[in-house]
Amino acid sequence: MISPVINPVFSWNVVDDIRTMWAYPFMVNAFRAGAVVAIVAGVMGWFMVLRRQTFAGHTLALSAFPGAAGATLIGIAASYGYFAFCVGAAAVIALATRGGRATGPASSRVSESALTGIVQAFTLACGLLFVALYHGFLNGTTALLFGSFLGITASQVVTLAATAAAVLAVLAAIGRPLLFASVDPDVAAARGVPVRALSVAFLVLLGAAVAETAQITGALLVFALLVMPAAAAQRLTARPAASLLLTVVIGFLVTWAGLTAAFYSPYPIGFWVTTFAFAVYLAAQAVQGLLRLATPHLAGAPA
Amino acid sequence: MSILAHPFMQHAFLAGTLIAAACGVVGYFLVLRAQVFTGDALSHVAFTGALAALVAGIDLRLGLFAATIGVAAGIGLLSRRGRADDVVIGNVFAWILGLGVFFLTLFTTARSSSNGTAGTSVLFGSIFGLSARDAVVAAAVGGGIIVAMAAIARPLLFASVDESVAAARGVPVRLLGVGFLALVGAAAAEATQAVGALLLLGLLAAPAATALLLTARPYLGLVISAGLGVAEIWAGLALAYAAPSLPPSFAIIAVATAAYLAAYGGYRIRRGRRARRGKRSHLASSAADFRVTAAGARAGLSAPALPRRGPAQASRSAQASRSAQASRSAQASRSAPGGPARARHNGPMAGPAPQGAEPR
């Protein structure tokens, strides 16, 4: 929110600028944390976009807020609250909607989106209650919702990296069947892939990743890092490995550029990260449009 | 009736009643059309719109209504059949939320002394803080939304349940979709004043989802949804009045969630009983499922997400040879008349068919 140093000026001498920034240990920590967050959110977001679970992802992202507020209220470390609420909300959505995805009758899609919306509203209402019960928390509210890259300690970065490694390890273990189940659930189910169990596992994993990411970016902006790089990358290529890699690269660049811009300007990191990411997304849309124009014979081909 | 002796309670009840009824009616169609995520997006747009108005120094409501109705109509216009892709919506509103943070910073740095809590009250509402004039305006707009919804309810229901048949009968499906979304935007702006931008989804989704669990008859469901919304906001206001440490927005949403849970529990018990009564339990249970959400099932079948997801997925699974263009062409060819119409016509006849039976 507040410019950290006495008005640093961006000189366009990039090497010097980075040296100025990295002279502050908290900025180095912020860049490290940003890198970890970008990778985890990118990879998880890639699956989320592929599975069209943006609404569930957004709901999980928002449940980070009551988690942190509740943990502050009862006086435990905020990260416990983040994990409890995000993973809890993921479990509720996953179990109540048969895996969080319309796998049953088509009517389940209707009730699923309504249920996700109710979970979201209720968790946020809980957050409001916790904030109201914990008086004098008002300034912290915006930090919880919109994030703050100031004051990240080195030990936090280590914890962050360890959790990220755990999340990515689990994802690597279930990655192949999950990709299969995401792309074609019916064929996967017919081949004996446990589609529903994978859906539940994925949502819980997404909850864990969100809980981790939200500690740095704030509850409202995790979603930006989850959805925007992945959506842009999937516009550009349909190859799974290439677009996954591209997602991570875009997320990484956007986060670091956002940190730099936030350091050198009075405006918050959330604004910069979402703006850069949205610009990349629009550019990807434009490239896709140009590609379609360049290959008209493919655009008209039957499915 | 000492609770109504306070002017602020009178204002809250007056505004809350019509806001809740409007949200109940709009939300019913929102849930039926599986567009709850659009409502979610509009809640964040409301935050940005309100803060932009605060920064510009104009009436907060002006920013609210302009932003939500504008974005809602934009979503309707840009998407095919008035229903946009969730990923596109997600991208747009994530950025709009980022803009909201930008305005929040501008606002707090510019006039931190005068009104520092404005950001929080936009996010979480302040229904007890409504003035008499605010309440009358909110009630009038709420009434207007209800009247407009009543005017389009019949064709909109037709278009929501079976879009292609409605289109074939000459119902202006696209115009209805856009008009409906504009009304959703207005309802979101209304609800922001009552429970705040972050919680308005509860007012939109919870009474409607509860009503859909209670009855499959659309007009009855519509009335139940509006009535539930009103009852929930009354109960929430009374609860917040009785226990002053509870914020009114929390009380309202908590009551709405409890009502949904109760209806869900009742629905499961009814379904379980029916399943036990029948000899072939799985058939009976799926029949009950179909009966209760029959309208929802048809709406779900005509919802774009399933057919839309289809071709893209198929192309990805077979994408060794075909590349992105193939999936794009598949998406493009969806607008060809044959495909989607066929997909939809199978819907009501197939009943609660497993998803695999739908043509993709």
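In helix 4 of chain A, the buried residues are A:A64, A:F65, A:P66, A:G67, A:A68, A:A69, A:G70 and A:A71. The model is a predicted one. Helix 4 of chain A spans residues 64–74, and eight of its eleven residues are buried, so the helix is largely enclosed by the rest of the structure. Just after this helix, A:G75 adopts a positive phi of about 80 degrees.

In chain B, helix 8 (residues 173–195) packs against helix 2 (residues 36–56), with axes that come within 9 Å and cross at roughly 55 degrees. Helix 2 of chain B and helix 8 of chain B are therefore oblique to each other. Their crossing is right-handed. Helix 2 of chain B contributes B:T38, B:G39, B:L42, B:S43, B:A46 and B:A50 to the contact. From helix 8 of chain B come B:L181, B:V184, B:G185, B:A188, B:A189 and B:T192. This contact comprises seven nonpolar, five polar and no charged residues.

Helix 8 of chain B also meets helix 1 (residues 7–32) of chain B. These two axes come within 9 Å and cross at roughly 145 degrees. This crossing is left-handed. On the side of helix 1 of chain B, the contact involves B:A15, B:G16, B:I19, B:A22, B:C23, B:V26, B:F29 and B:L30. Their partners in helix 8 of chain B are B:F180, B:L183, B:V184, B:A187, B:E190, B:A191 and B:A194. By class, the contact of helix 1 with helix 8 in chain B has 13 nonpolar, one polar and one charged residues. B:V184 of helix 8 is listed in the contact with helix 2 of chain B and in the contact with helix 1 of chain B.

How values were computed:
Residues are numbered from 1 along each chain as its sequence is written. Chains are lettered from A and ligands numbered from 1 in the order in which they are written. This is a predicted model: local features need pLDDT of at least 70, side-chain atom pairs count only at pLDDT 80 or more; totals for chains, interfaces and linings use all residues. Axes are lines fitted to C-alpha atoms, for helices over the stretch in contact, and angles run from 0 to 180 degrees between N-to-C directions. Helices (H or I, at least four residues) and strands (E, at least two) are DSSP runs, numbered from the N terminus. Angles under 35 degrees count as roughly parallel, over 145 as roughly antiparallel, 65 to 115 as roughly perpendicular and the rest as oblique. A crossing is left-handed if the near helix is turned anticlockwise from the far one by less than a right angle, and right-handed if clockwise. Two residues are in contact if their C-beta atoms, placed from the backbone, lie within 7 Å. Ala, Val, Leu, Ile, Met, Phe, Trp, Tyr, Cys and Pro count as nonpolar, Asp, Glu, Lys and Arg as charged, and the others, Gly among them, as polar. A residue is buried if 20 or more other C-beta atoms lie within 10 Å of its own, exposed if 12 or fewer, and partly exposed in between; C-beta atoms are placed from the backbone.
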